[in-house]
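Thanks for asking me to look through this one with you. Here are a few friendly notes to read alongside the picture.

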Amino acid sequence: MESVAQTPAFGELEQHRRELTAHCYRMLGSPFEAEDAVQETLLRAWKNLDRFEGRSALRSWLYKIATNVCLDQLEGRERRARPMDLGPAGEPVIENLGTPEVPWLQPVPDSLVADPAETVASRETIRLAFVAALQHLPPRQRAVLILCEVLRWKATEVAELLETSVASVNSALQRARATLEQTELSPESSFDEPDRELLDRYVAAFEAYDLDALTALIHEDATQSMPPFDLWLSGRDDIFTWWYGPGIGCKGSRVIPTVSANGSPAFGQYKPSESGEGYEPWALQVLELSDGRIVELTFFLDTETLFPLFGLPLLFDA
């Protein structure tokens with residue numbers, strides 16, 4: 001009877017959903033796959049509660065299940081990528097647009113993964129650049145790096161979770177760090193916290209397609225990408241060449257603030273319909289800020305999938 005009284009209720013498992021979703025998202029690079037992995041984790045935990053003997057903390061046990069679920073999902077899969085992973089920046093001409101069949105890194109709403117009480121440093125570990133950098137690592141090295149450097153677990157705890165030796169964990173961590181140092185996608189970030197006044201000015205300038213105002217807001221070395229297109233642009237001049245050339249259809253767009261994505265400000269962009277009536281969903285814009293300027297713009301064009309996730313309507317008439 002005593003062991004039954006100590007058995008966790010399902011509600012106790014559910015309390016860990018948000019942090020488990022963040023963990024699975026870092027591993028998998030997709031909010032949809034992360035949610036599936038967490039659901040599978042909680043189901044496995046619920047079915048095996050009779051095996052939970054309380055020798056380890058419930059949280060550690062859940063992380064072990066979640067990590068194994070993710071490792072199973074990643075077996076034999078390509079890593080998720082950003083356009084910058086596939087090659088150098090291209091010229092801002094329509095002929096450079098390509099849509100390779102690769103799994104793209106997807107943004108995640110902060111409401112699914114971020115605890116408002118978390119420190120700025122911990123929120124940095126959900127940034128697009130950090131999660132993209134993680135995708136360069138083999139799955140087990142990825143798990144070790146996340147557990148050791150994001151969750152701050154001891155090597156002995158990680159070894160127990162992965163059922164391996166401390167020496168193996170330390171070796172995997174060393175190799176993971178070395179791999180990240182060789183990539184151009186550093187997990188270290190110096191992005192600013194959202195600046196509401198700057199963002200309000202950006203929305204007004206983008207909706208007006210005001211070149212002078214946009215020039216004052218966007219850094220001269222800014223980058224832009226537009227997955228699922230592999231073309232990405234480097235430098236404000238090329239970005240504006242695109243906006244006023246192949247991307248001129250975005251002129252007159254409406255830009256609607258939504259929940260933050262990966263710790264960064266996000267907006268739903270609706271461009272004027274080709275019929276001339278109303279607006280059609282075009283992109284989830286995710287911005288990175290540094291030193292009072294916009295330094296990176298990511299336009300995720302898979303609106304049919306992402307807009308509902310971010311609470312954005314697929315029809316917009318105003």
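Predicted model: local features only at pLDDT ≥ 70, side-chain atom pairs only at ≥ 80, totals over all residues.

**Notes on a helix pair and a sheet**

1. Helix α5, residues 58-74, packs against helix α10, residues 155-162, at an angle of about 60°, and their axes lie 9 Å apart. Angles from 65 to 115 degrees would count as roughly perpendicular and those under 35 as roughly parallel, so α5 and α10 are oblique to each other. Their crossing is right-handed.

2. Which residues make the contact? From α5 come Ser-60, Tyr-63, Lys-64, Thr-67 and Leu-71, while α10 brings Glu-160, Leu-161 and Leu-162. By type, the residues of this α5 and α10 contact divide into four nonpolar, two polar and two charged.

3. Now have a look at the sheet. It is open, has six strands with mixed pairing, and runs in the order β2-β1-β6-β5-β4-β3.

4. Strand β1, residues 218-225, pairs with β2 in the antiparallel sense over three bridges. Here Gln-224 stands opposite Leu-233 in β2.

5. Finally, a helix joins the sheet. Helix α14, residues 236-243, packs on it and touches β1, β2 and β6 (293-300). The direction of α14 makes about 55° with that of β1.

Methods
Residues numbered from 1 in each chain as written. Heavy atoms only, no water. Axes fitted to C-alpha atoms, helices over the stretch in contact; angles between N-to-C directions. Helix = DSSP H or I, 4+ residues; strand = E, 2+ residues; numbered from the N terminus. Parallel < 35°, antiparallel > 145°, perpendicular 65-115°, else oblique. Left-handed = near helix turned anticlockwise from the far one by under 90°. Contact = heavy atoms within 4.5 Å. Nonpolar A, V, L, I, M, F, W, Y, C, P; charged D, E, K, R; others polar. Pairing = 2+ DSSP bridges.
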